[in-house]
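Here are some notes for reading this structure.

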Amino acid sequence: MAAAVHCLSSCLALPSKLSNLSLNGPSTSSATHSTSTHFTSLSFSASLSHNFFSRGYFSLSPVQRPTRRSVVCEVATTKKPDSAEKRARQAEKRRIYHKSRKSEIKTRMKKVLEALDVLKKKPDATPEEVLSIEKLIGEAYSIIDKAVKVGTLHRNTGARRKSRLARRKKAVEIHHGWYTPNPESVDSE
């Protein structure tokens with residue numbers, strides 16, 4: 001147990017010892033020093049030893065070998081959730097949300113435009129029939145405004161779509177003679 005504690009304390013002090021760690025062969029005197037086998041010094045990159053060892057991302061496990069006992073220090077990185085995967089999930093969720101809103105806008109606009117086309121082709125149309133279409137236009141405006149508010153549509157795109165509906169309604173009213181444009185406003189446009 002005392003040996004394990006000693007190994008643990010010596011392994012915890014590794015970051016300070018790693019930069020000048022070297023392995024030398026056995027030498028008894030200066031004469032035999034030149035004939036002994038030398039090992040090159042071990043070098044660890046500063047980023048590896050600092051990032052992994054100073055944070056404590058390593059595990060100790062005693063290894064039993066036939067002739068000796070040694071302690072192995074392994075670097076074990078803890079897997080963090082991948083931010084790219086999270087962004088992909090978020091983007092997919094937003095894409096589906098925006099797709100449904102855009103689909104609803106297209107459906108509402110299509111209903112208004114079809115109703116206006118039917119009213120324009122109708123020879124005996126009355127001005128009261130525009131009221132039901134105005135209700136559809138109001139609902140379409142509401143959906144477009146909400147889409148702009150949450151960021152599904154750009155504000156200029158929302159304004160352009162609302163303007164398209166208003167111009168088509170105005171064209172139908174002019175066609176049937178329910179609306180007469182003011183000559184002053186026509187010149188200013």
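1. Accessible areas here come from the Shrake-Rupley method with a 1.4 Å probe. On that basis the accessible surface of the protein chain comes to about 14,400 Å². Carbon and sulfur atoms hold 55% of this surface. Please keep in mind that the model is a predicted one.

2. The chain as a whole has 189 residues, and 17% of them count as buried. Its secondary structure consists of eight helices and two strands. Among contacts in the protein chain with a separation of 6 or more, 53% are between residues 24 or more positions apart.

3. The pair α5 and α6 comes next. Helix α5 covers residues 83-121 and helix α6 covers residues 129-150. Their axes come within 10 Å and cross at roughly 160 degrees. Angles over 145 degrees count as roughly antiparallel, and α5 and α6 are therefore roughly antiparallel to each other. The crossing of these two helices is left-handed.

4. Which residues make the contact of α5 with α6? On the α5 side they include Tyr97, Arg101, Ile105, Met109, Val112 and Leu116. On the α6 side they include Val130, Ile133, Ile137, Ala140, Ile144 and Lys146. By class, the contact of α5 with α6 has 16 nonpolar residues, seven charged ones and no polar ones.

5. Helix α7 covers residues 155-176. It packs with α5 at an angle of about 10 degrees, and the two axes are 10 Å apart. That makes α5 roughly parallel to α7, as angles under 35 degrees count as roughly parallel. The residues that meet include Ile105, Met109, Val112, Leu113 and Leu116 in α5, and Arg161, Arg164, Leu165, Arg168 and Val172 in α7. The contact of α5 with α7 is made up of eight nonpolar, two polar and six charged residues.

6. How do α6 and α7 run, parallel or antiparallel? The angle between them is about 170 degrees, and their axes lie 9 Å apart. The two helices are therefore roughly antiparallel to each other. Among the residues that meet are Val130, Glu134, Ile137, Ala140 and Ile144 of α6, together with Arg161, Leu165, Ala166, Lys169 and Glu173 of α7. This contact of α6 with α7 has eight nonpolar residues, one polar residue and seven charged residues.

7. Ile137 belongs to helix α6. Is this residue buried or exposed? Its relative accessibility is 7%, so Ile137 counts as buried; the cut-off for buried is under 20%. Apart from neighbours within four places in sequence, Ile137 is in contact with Val112 and Lys169. Of these, Val112 is listed in the α5 side of the contact with α6, and Lys169 in the α7 side of the contact with α6. Ile137 and Ala166 are 29 residues apart in sequence, and their C-alpha atoms are 8.2 Å apart in space.

8. Glu173 is a residue of helix α7. Glutamate counts as charged, and Glu173 counts as buried because its relative accessibility is 16%. Setting aside residues up to four places away in sequence, Glu173 touches Val130, Glu134, Trp178 and Tyr179. Val130 and Glu134 are also on the α6 side of the contact with α7.

9. Lys146 lies in helix α6. With a relative accessibility of 45%, Lys146 counts as partly exposed, a class that runs between the cut-offs of 20% and 50%. Lys146 and Arg101 are 45 residues apart in sequence and 9.1 Å apart from C-alpha to C-alpha. Both Lys146 and Arg101 take part in the contact of α5 with α6.

Key. Residues numbered from 1 in each chain as written. Predicted model: local features only at pLDDT ≥ 70, side-chain atom pairs only at ≥ 80, totals over all residues. Heavy atoms only, no water. Axes fitted to C-alpha atoms, helices over the stretch in contact; angles between N-to-C directions. Helix = DSSP H or I, 4+ residues; strand = E, 2+ residues; numbered from the N terminus. Parallel < 35°, antiparallel > 145°, perpendicular 65-115°, else oblique. Left-handed = near helix turned anticlockwise from the far one by under 90°. Contact = heavy atoms within 4.5 Å. Buried < 20%, exposed > 50% of the residue type's maximum accessible area, 1.4 Å probe, protein only.
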